[in-house]
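Subject: Handover of a structure and notes on its contents

Dear colleague,

Please find the structure below, together with its sequence. My notes on what was found follow directly after it.

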Amino acid sequence: MLKMPETIDSNDATGQGAKQDPSANNVGTPSSLKILSAEFRTVDPKKRRSFFRKGVIFRILWPQPSPCPPNPNENIFPVLGWQDTIYMKITWFLVVRPFKSHCIVVPIHTYDGQATTRPGLNADDHTALVLKGCRPRLVEGESLTREPLEMILENKSLDFEETSRVNFSKLYTVEYNVKVMKVGRIVPEHLPIINEYALQSWSREIPPFITPSFTVPFRRDEEFIEDKALFDHINQLFSHPAPRVALLGIGGVGKSQLAIEHAYRVKDAFVQANKELWVFWVYAGTQACVENGFKTIADFVKIPGRNQPAANIFELVSRWLQTEKNGQWLLVIDGADDLNMFYGTGENDSQIATANENRPLWTYLPQSVNGSIIITTRSKELALRLTGSPKNVIEVLPMEPQRALKLLETRLGTLKPGSQQRHIATELVEALEYIPLAITQAVAYIQKRAPRFTLKKYLDEFRESEQLQLNLLQYDSGDLRRSSYASNSIIAIWQNLFDYIWSNRQSAMNLLSLMSFFDSRNIFEYLLRPVGRSNPHSQSPKSNPGNESTEPGEPLMATFEGDIITLLDYGLIRTNETGDIFQSYQLVQLATRAWLEVHQTINVFKTQYIDQIAYAFPAGDFWNWNSCHKLFLHATKAINYPPDDRETLLKWALLLYSAGWYSREQSRYDIAEAMTGKSLETRERILGTNDISTIASAASLALTYSNQGRVREAVEVQRAQTKSAETLRLQDPLTVAMMASLASTFKSQWQLEEARQAEDKVKRWSEEQLDPRYSATPITNCALALMCSNQGRLEAAERLQFQVKEQSEELLRSNHPSMLIGIADLVLTLTYSNRERLEEGVGDVDYKEDEVLQFQVREWCELVLGSDHPLTLASKARLALTYKNQRDLEAKKLQE
C-alpha cells in the first residue's frame, strides 16, 4: 500500500473554513474539516483516455462503510450528509477496463497490515502488489494462490507498503471528472494477467451452485465378478476417518476394475443417503498424466487461478481438497507405480518438483477428514509410503479358479456344466494362471475370430509352443474400461515394468531373467546365489557380457538381497514363510524371456541357468533321491534350452543324464528316455562313442528301454556300448549292470548262447574287478542265481542264493531300491525252485524263509518306494505266490 499524507486541515490550506449547508446535520466543527491535497486534480478531458488506461494505479477520495469502532490509524473522516454521516477515505484503485467516460476499477488495500489474513476475506480473490523485480512478503499464516502483479512507482514522493493486496472481487465505476492522483502503473508483461484475474473473480460460480461431479472416466462393468471378502476388507478400511487404501498387485489382476467398482458403490451409497460426494480420478502413469488429472479436478471445482500460466495446479487442488466446506470427496489414483515420481528418489528429481516449489508429489495428497484416497499400484514400497501402514494395503491376487471360470463364462457365454466346453474353459483359465486381464484378452481374441476360432483352438495353440503363447498374449483388444495410456496386452504391461526396473536397478532385472528359466514353483535360494563362482545374475541384459551389474556401493550379497526385495516389492515373485524358496508366474517368466529375446541377451541367462542347475543336481542314485525330487522340475525345463557353446553343452548333457537316471528309477520312462537320449546324442557328438561319459548315457538309455520291454532297442544300444566298454576295460559297476541287463535281454529273446557269454562276463567281472562290499556284487549274484536256476545249474544257484541271503538283512536296511530288486529276484528264484521241487517230489521244501524274505521286501518297498510303485506291486504278487505254495505243500502233506 502507498503511504503519505492524504488530507490537510483547512486552516493549513487557506485559513478559512468551508461553508456548510445550514439545513444539513452538522457533524464536527469547522476546524475539523479537511480538504484534498493539491496533488489531487481533475484530469484534462483531452488526456483522460491516455491517463485512465488499463493497469494505471491512482488515488481518489472514496466513500467507506462506517467504522465500528473508528480506527484511528486510518484517514477516515466524516462528511455532512442528509440525516446521516458519510465517511470518506483516500482509496487506491487499479484500472481494469477503461470506457469513454468512465472506467472499471478494483481496490487496493493493506487491511491494517493484516493483508488477506483479516477475518472474513477470501485470499483466492486477492493478489499481492509488488514493486518491479520484487517478490511479495506474506504475512504469517497468509497463503496466496495467484502470482503477484508488479508495478512501476512513478510518484517518487510516495512510500510503498509491502502488504498491499489487490481485491478483484470488488468492482467499482469511476467517472473521469473526479479528482485523482496518479501513483504508477502495472508492468506491461502483467497486463494480460489483470484480465484473467478479473474474469476469474467476476465469473466465478458460487460454491453452493456447483454440483459435485463424478469424474471416473469409465462406465460401470455390469458383468463385474465380485470378491465379497475383498470388498468387505475395503469397506472396513474406509470406515476409518480420512482413509488411505492401496490395492497392491501385479499388472493384470484387476486393481483398476476394483477401484472403478468401489467408486460407483460409494457414489450409490451417498445418493441413497441423500448426500453429495465428489469423485475424482487421476491416472498416475506419468508426471504429465498426474498433472492433467489435477487440472481436470481444478476445472470441475472451478478453482480460481487454475488457468494462470505459472499456477501451481497441485497446490491449488490440494488446498481445495483440504477445505472441509467443499464437501466430501473420494480421490482414485490409478497406476501409481513410480516411486521416484511421488518421492523424488531418483536421478530426475527436478522433473518432479512443481513450477513454484521443490516439493515431491506425495505432499499434495491431503489427509483431510472430509476425503478419502484409494490407490492402485504394483509397488509395495510406494503403497506402504502413501498409506502409512501395512494394514491399509490390500494385496490383490489372481482370481480363485471358480471366479476365473465365471469371468470367462460371462464374457464368452454360458458353458453347460459337465460339457466339453466347460472342461476346456477350466483348463484354459488354469493355463492363464487365473489372471483376469489374460482371461479377458483370450475372450476378445476368440470373439474377434469367431466362428473360425474356438475356445479349444485357443487352448491348443497356447499349449503348442512358446512363440504361439506370446502371439496370443500380445494381442491388444483395446479395452474401453482401461486407461488409454495403458496397454491392454498382459505381456506389454509386464515388459514396461521390466524396462522401469532395469532403469532403476539393473541387477534385480538380471536376477528375474535368471529365474525365468527355472520352473515357476519352488525356486530354492541356493540355485540363485553364486556357489564359489561368479555372480549367477551378474550380466546386464543391455550391456556386453562380462559386465557386472551390482549396485554402486553394495557388496555382492547385499545386492542379491536388494534384488530379491525389489522383485518381491513388485509382486513378480513370491516367497515361503522362511523366505528361502521363491515362486513366480509362468506368464511372467514367458514375458521375461521374450524381453530378453528383444534385447538379444537370452543366451547369457540360459547359460547361467544351466550352470546353476547342473551344479546342483546330483546323480540319480537312491541316496540322492530327496535332492533329485526337489530339483527335478527345474531340471526338466532344461530339455527346452540347449546351449550353444561346448562347455555348457557338456554340463547340459550331464544334467540330463542325472535327471534321466532319477526318472528311470521312478519308472517315469517317457521323460527318462527324452533326457537320456539327448544326453547320449550330445556326448557322442562332442566326446565320441568310446568316452566313459557316453557309455554311461548309453547304459542308462538301454536300461530305460529294457524296463519298458522295448528289447530290440535295448539290445542295439547295449551291444554297441558294451563293446566300447570292453575295449576300454571299463569293468565298473555300471558296465557290469549293463552287461547283466544285456544277458537278461538276450535270454528273453531266446538268444541263449549270447546270454551265456554275457552272464559269464558278469560273473567274472563281479568276482574279479568289483569290491565285494559294493552293492552291485550281491545284486549281480541274485541275477546269476536266477540265471543258473533257469539253466538247471541248481547247485550253483543255491550257492549264490545263500551268499545273498546272508547279506539280506543288511541290504534291506540300506533302503536302496537296487537292493530291494535284487532280494526280490532272489526270493522269486527260491519260490520257483521250491515250487519245482514240490511238484517233482525232490528234496525237502521249506517256505518259511521265503515268506520272511518276501514280507520284508514288501514292507521295505512300501516304505521306500510307495504302495503304487511297480516293484511294490510285484512284491505283493510274489508274497501271494509264496502263500499259495505253502497251502499247496500243506495240502500235499495231508494227502500223504
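In helix H6, the buried residues are Gln287, Cys289, Val290, Gly293, Phe294, Ile297, Ala298 and Val301. Buried stands for a relative accessible area under 20%, exposed for one over 50%, and partly exposed for values in between (1.4 Å probe, protein chains only). Helices (H or I, at least four residues) and strands (E, at least two) are DSSP runs, numbered from the N terminus.

This is a predicted model, in which local features need pLDDT of at least 70 and side-chain atom pairs count only at pLDDT 80 or more, while totals for chains, interfaces and linings use all residues. Residues are numbered from 1 along each chain as its sequence is written, and side-chain values use heavy atoms, with hydrogens and water left out.

H6 covers residues 287-301; its 15 residues reach 22 Å from the first C-alpha to the last, close to the 21 Å expected at 1.5 Å a residue. The expected span is 1.5 Å times one less than the number of residues in the helix. Just after H6, Lys302 adopts a positive phi of about 60°.

Helix H16 (residues 490-504) also has 15 residues and a reach of 22 Å between its first and last C-alpha, close to the expected 21 Å. Its buried residues include Ile490, Trp494, Phe498 and Trp502.

Arg146 and the strands around its loop

Arg146 belongs to the loop between strand S9 (126-131) and strand S10 (149-153).

A polar atom of the Arg146 side chain does lie 3.3 Å from the backbone oxygen of Asp124, and the side chain reaches the backbone oxygen of Asp125 at 3.4 Å. Beyond its neighbours within four places in sequence, Arg146 has contacts (heavy atoms within 4.5 Å) that include Phe168, Tyr197, Pro304 and Gln308.

S9 and S10 pair in the parallel sense over three bridges; strands pair if DSSP finds at least two bridges between them. Leu129 stands opposite Leu149 in S10. S10 is also joined by three bridges to strand S14 (residues 179-186), and these two run antiparallel. Within S14, Arg185 is the bridge partner of Ile152. Four of the five residues of S10 are buried, so S10 is largely enclosed by the rest of the structure.

A three-stranded sheet

An open sheet has the strand order S20-S22-S21, with antiparallel pairing. Strand S20 (523-524) and strand S21 (573-575) are at the edges with a single partner strand each, so one side of each has no neighbour in the sheet. S21 pairs with strand S22 (residues 581-584) over three bridges, and Ile573 is opposite Ser584 in S22.

Backbone points in loops

Ala450 and Pro451 are joined by a cis peptide bond, with omega about 5°. Pro451 lies in the loop between helix H13 (436-449) and helix H14 (455-464). Asn274 has a positive phi near 60° and sits in the loop between helix H5 (255-272) and strand S16 (278-283). Asn274 is exposed, with a relative accessible area of 72%. Phi of Tyr434 is likewise positive, near 60°.

With kind regards

How values were computed: Polar contact = N/O pair within 3.5 Å; in protein donor to acceptor, adjacent residues only side chain to side chain.
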